[in-house]
Amino acid sequence: MAIDRETVRRVAFLSRLKIDDDKIEDTEEEFNKILNWVEQLNEVNTDNVEPLVSVNDTNLTLRQDEVTEGNQAAAILKNAPQAQYGYFTVPKVVE
Amino acid sequence: MTKLTELTIAQARDALKKKEFSAVELTKAYIDEMNDKRKYNAYVLETPDVALEQAKKSDEKYAHGTDGALEGIPLGIKDLYCTKDIRTTACSHILDGFEPQYESTVTSKLLNAGAGFLGKLNMDEFAMGGSNETSYYGPVVNPWSKDVPLVAGGSSGGSAAAVAANMCAAATGTDTGGSIRQPSAFCGITGIKPTYGRCSRYGIVAFASSLDQAGPMCKDVRDCAIMLNVMSGYDPKDSTSAKVEVPNFESFLNQDIKGLKIGIPSEYRPEGLNAEIAAFWDKGIEMLKARGAEIVNISLPHTKYALPTYYIIAPAEASSNLARYDGLRYGLRVNGEHLDNMYINSRTAGFGTEVKRRIMIGTYVLSAGYYDAYYLKAQKVRRLIRQDFLNAFEKCDIILTPTSPVTAFPIGDESMLENPINMWLNDVFTVSVNLAGLPAMSLPIGLSHDGLPLGLQLIGKAFDEGTIFKTASALEQDAAFRKGLK
């Protein structure tokens, strides 16, 4: 399935990435090249094959829902590009 | 006399125990080597003060006889591992200046065993690449380069180059589609990707979580065994880490391989396979045969579908894992008028071309209407690829293949840059192993006509690294690669 320019724009927005207008055509072409290549998987008969989500045979284990490493606010904010009053700060969201 | 930096972990540890030299002296020797060899661009951050501080403590431990398994051994750490208070960027602009406030499980195990950290090693951005050329800090130069600078392979290119050029005793790597094994082959060193779940992924920057595994990259097979023993083990902080016993991997070295069944997959010898690589593969087969191993022809019929499967699953997982880089909590922020613009500006400025490409492919294959056609289809083929290995292992104990269809190529190679798929094809022999979750090692077997290292790959059953170590130690002795270096 070939994808068009609009789809490239939509996927870029879903990915929160900006593609310059003069790069859209190249991106579309490259995308289609890659999709064509992965579509060789359609040659494989996968009727009655269960998808493999994880190679681990073990199931996830349950644990008590309790705080194990609390009170880390300072450490968590240490790398924040902007923080104030113990919070991350962001550009204004609500007018 | 052998230079201190040429010693293996095992040799250095024995000499440290006998007080032939101190951990501080050993560490200083590596620091000198790092200073002399900056041209390889292997380190993106050098931490000599940290390493010397650790070495002083190690010398005290040796004096008191309380030394650990890696006491006083200076290591290089791939920049994908979170190291407390030491900058960790995954070689991406988007993690500029990030100093983790916690230590990854694997690096804390190494520290607890007495190892010292010389610095953070260069790699492809977020481990996405096979040549170290996608690093924000520029490509690593392969120490085997002659006239033209060659790639060190990727994504763990800095790790492979640093070990090959004696800029650390050994290094950590990670492997999602071949990122330990291919650079090991390109740089003439030994590296093992253990079984999925063997090493904790906690604190390792995530790329494709169902495929990522940590592993050691070393000067020889014994060092891989020593280091993997320290790195392995169940960790409640990683829900995919396996609750299985960790055997003493060193105990498998030098065991008799008589009667061992070695599987040779016909699909790994496609028409047009580089004749030299095929010849060294045959040489490896002959070496094992001469030691009484039995050669068994096997088939892994879905091999040709492994790469397209990988290039759906890995980008899908990456697009999800990399959603966290939004300029909000850490790393690079590029402001914008609104919140969404801040996300878009930060991510557009912070990610490189290959990472953006994979995020977009991943976003597409997971998006409504395409999920079944691509992602679900790939997961089904993934099961068939794993089943191929399960079937093969009913006939053999271990599988021998080449590691890579090529040797190290020049930095900036036109054909690789022109079409991303050309670069991806280099992982053709390594990627199935990640999809199946199996352990595999690359070890050097010889040099090509133009003097570049070639590697062979040993693939084992799940949690049977032991048979890999047993077989690898036999091949290593017969190939005598390191002896030929002088």
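Author: Start with strand 5 of chain B, residues 190-193. Both of its faces are covered. T190(B) and I192(B) lie on one side, G191(B) and K193(B) on the other, and all are buried. Buried means that 20 or more other C-beta atoms, placed from the backbone, lie within 10 Å of the residue's own; 12 or fewer would be exposed, and anything in between partly exposed. In a regular strand the side chains alternate between the two faces of the sheet. Strands here are DSSP runs of E with at least two residues, helices are runs of H or I with at least four, and both are numbered from the N terminus.

A word on the source. This is a predicted model, where local features need pLDDT of at least 70 and side-chain atom pairs count only at pLDDT 80 or more, while totals for chains, interfaces and linings use all residues. Residues are numbered from 1 along each chain as its sequence is written, and chains are lettered from A and ligands numbered from 1 in the order in which they are written.

Now the neighbours in the sheet. Strand 5 of chain B runs antiparallel to strand 6 (residues 213-218) of chain B, joined by two bridges. Pairing requires at least two bridges found by DSSP. G191(B) sits opposite M217(B) of strand 6. Strand 10 (residues 440-447) of chain B also pairs with strand 5 in the antiparallel sense, over three bridges. There, K193(B) has A440(B) as its bridge partner.

Step out once more. Strand 6 of chain B pairs with strand 4 (residues 170-175) of chain B, antiparallel, over five bridges. T174(B) is bridged to A214(B) in strand 6.

Two helices pack here. Contact means C-beta atoms, placed from the backbone, within 7 Å.

Elsewhere in chain B, consider T27(B), in helix 2 (residues 23-36). T27(B) counts as buried because 26 C-beta neighbours lie inside 10 Å. Its contacts, leaving out residues up to four places away in sequence, are A51(B), L52(B), A55(B), P74(B) and G116(B). The C-alpha atoms of T27(B) and L118(B) are 8.1 Å apart, across 91 residues of chain.

Last, the partner chain. Contacts link 33 residues of chain A with 52 residues of chain B. On the chain A side, helix 1 (5-14) and helix 2 (24-38) are the elements that give two or more residues. That side divides into 22 nonpolar, seven polar and four charged residues. Nonpolar covers Ala, Val, Leu, Ile, Met, Phe, Trp, Tyr, Cys and Pro; charged covers Asp, Glu, Lys and Arg; the others, Gly among them, are polar.
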